[in-house]
Amino acid sequence: MRWSSALIPTLKEVPAEAEIASHKLMIKAGLIRKVASGLYNFLPLGFKIYYKIENIIREEMDKAGALEILMPIMTPAELWHETGRWNLYGKELMRLKDRADREFALGPTHEEVVTDLARTEIKSYRDMPKNFYQIRNKFRDEIRPRFGVMRSREFVMKDAYSFDRNEPCAEESYKKMFEAYIKIFSRCGLNFRAVEADSGNIGGSFSHEFMALAASGEDTLINCPACGYAADREKAEGASPFCGNEKEVLKPLEKVSTPGQHTVEQVTGFLNKKASELVKTLLYMADGKPVAALVKGDDELHEIKLHRFLGVTELVMMTAQQVEEFSKAPVGFAGPVGLTGMKIFADNAVSKLRNFVTGANEKDMHYANANFDRDFKINKFLDLRVPKEGDLCVKCGSALVSLKGIVVGHTYKLGTKYSKSMKAEFLDEDGKRKLMVMGCYGIGLARVIAAAIEQGNDASGIIWPMAISPYQVIITALNYKDEKIKLFADSIYEEFKAKGVEVIIDDRDMSAGFKFKDAELIGIPVRITVGNKTVNEGLFEIKLRKTGEEFAVKREELFSKVKEIVQRELVK
Ligand code: ATP
Ligand code: MG
């Protein structure tokens, strides 16, 4: 590609709404332009990256035996009614009507459509395993589209769906996809972890998220550097290293005045106690019924764990008014002693505490030396806290670390959730009709791009991994009007192209400084400078974007040297 005939509209300034590096740099480097909230144009350079990721995905999916298909984006409401997701999906599902007033949804994911396909085309156990995939636009009316293409309303997803005759075979299909994902993200040059995750909207028995590590990531994962255990914060378990004071003799309960002290910090500061010597009481409404959850003052309640344990549809924190109604005190003074009309659940760490501070259900009052069993009853102790860095790994006992990540892919074991509601059956070897066992597997292509940029950038711009860089090599021809320079630059450009190197030549009539800046901004891994040194000494200067390393190479060695660098950086 000749830069002079390309469209690479690099910018100096970016809109203020671009908060994170990838969003800023995708605009600055001329990869994307916003059309409306959560909707983007991919310009030629951006689309090239897209295309490369798509090819890596396609290669690995095909190698894993998956079959590429194309399903319609517009999907009939009847299918969504069969699984109940027409109502369950809520506002994220984009709905529309045709001229005859029939209802449709723009597919946010395709379990319904693909299960419909499977139930008509797969008849016997002999027809399985089957894994269908497509790489296509998805629509989700996200509440807060943000971070550019990272959370947009229309995005391209590779979605795959496996169908098996039984659970062990489904497990095999899942494993194959899991391994394919490891290859895909490794080849894309991402630093990622496969983490155990919650199944969310898609449902099913268990799932893994593939998280690209990045400080700007929206998700937190808990990782054990010793044994490799990794789980989404929403799913993670971690044993609190807290030893407690179980041996302490129970002291008499004492009501103490804490005027105007609401927060853990205020109360413990006022009473000269540590946060770990206080028990927080959090009040919720679970499907309209009050419930209390206790955690140690320095711990955070894990709402999802409580929600999952209670098995309710809706769990919301009480409003200030509800707190007053149930605890008879303003927010900040609730406590388990004398709290009636609701069940009380406590985190396991609380069971190791004696003589703790807690709210007294009275304005400006707390209790000191409160003790469960003696002063109040706990319905159940369970794991209710958010795991933290320094917690002990439940698998090997080593200290856990907390990392931020971007979810680039997700694999779900669905079991028979969809085949049951949609009656996707087959005839098994024993002559019986059985439900197909499913899995589904997604990758957000634009998130892979954004994640790669979050992981590879500096003050000058993007630093692409070789495999997904729009070009492997940029030839920066200084003073291209100079006939000799032009001759040298064109000759290597033509040679590289002919030999299969992905190359762009900057042949614009611009200053050297300007061209160098642009080359760094768009992040091409190898830059070859053709200038006076080339004309006078026959030397081509190579600069590597990632390391900044610079060296000069003679004409006859140039191709083999560049090829070696490119090959070295491509993960197989
Ligand atoms: P999130 O929790 O980030 O909303 P999700 O669980 O809704 O993700 P999935 O339904 O598993 O996402 O979708 C599969 C993949 O599609 C995700 O792993 C992600 O890479 C991508 N993806 C999901 N939502 C978006 C979006 N709004 N914009 C861009 N990519 C997305
Ligand atoms: Mg989502």
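Predicted model: local features only at pLDDT ≥ 70, side-chain atom pairs only at ≥ 80, totals over all residues.

**Entry 1: around ligand 1**

How many residues surround ligand 1? I found 16, and the closest are Arg140, Glu142, Arg151, Ser152 and Tyr412. By class, the shell around ligand 1 splits into 8 nonpolar, 4 polar and 4 charged residues.

Next I went through polar atom pairs. For Arg140, I noted a polar side-chain atom 2.9 Å from an oxygen atom of ligand 1. For Arg447, the distance from a polar side-chain atom to an oxygen atom of ligand 1 is 3.1 Å. For His410, an N or O atom of the side chain sits 3.2 Å from an oxygen atom of the ligand.

I then asked what share of ligand 1 the protein covers. On its own, ligand 1 has 590 Å² of accessible area, and the protein covers 86% of that.

Which elements give two or more residues to the shell? They are β8 (154-164) and β21. Strand β21 supplies the largest share, 5 residues.

**Entry 2: the cavities**

I searched the whole structure for cavities of 30 Å³ or more and got 2.

The largest cavity holds about 60 Å³ of space. Its lining consists of Ala519, Glu520, Ile524, Pro525, Arg527, Lys543, Leu544 and Arg545. Helix α13 (512-522) and strand β30 (539-544) are the elements that each give two or more residues to this lining. I sorted the lining of the largest cavity by class and got 4 nonpolar, no polar and 4 charged residues.

The second largest cavity has a volume of about 40 Å³. Met150, Glu218, Asp219, Gly405, Ile406, Val407 and Arg447 line this one. Here β21 (residues 401-415) gives the most, with 3 residues. The class count for the second largest cavity is 3 nonpolar, 1 polar and 3 charged.

I flagged Arg447 for a second look: this residue lines the second largest cavity and also has a polar side-chain atom 3.1 Å from a ligand 1 oxygen.

**Entry 3: helix α11**

Is α11 (residues 445-455) mostly covered or mostly open? Mostly covered: 10 of its 11 residues are buried.

Methods
Residues numbered from 1 in each chain as written. Chains lettered and ligands numbered in written order. Heavy atoms only, no water. Buried < 20%, exposed > 50% of the residue type's maximum accessible area, 1.4 Å probe, protein only. Helix = DSSP H or I, 4+ residues; strand = E, 2+ residues; numbered from the N terminus. 1 Å grid on protein atoms, 1.4 Å probe; cavity = no way out; pocket = protein on both sides within 12 Å on 5 of 7 lines; lining within 4 Å. Points joined across faces, edges and corners; volume = space filled by probe spheres on them. Nonpolar A, V, L, I, M, F, W, Y, C, P; charged D, E, K, R; others polar. Near = heavy atom within 4 Å. Polar contact = N/O pair within 3.5 Å; in protein donor to acceptor, adjacent residues only side chain to side chain. Areas by Shrake-Rupley, 256 points an atom, 1.4 Å probe, with all protein chains shown as cover.
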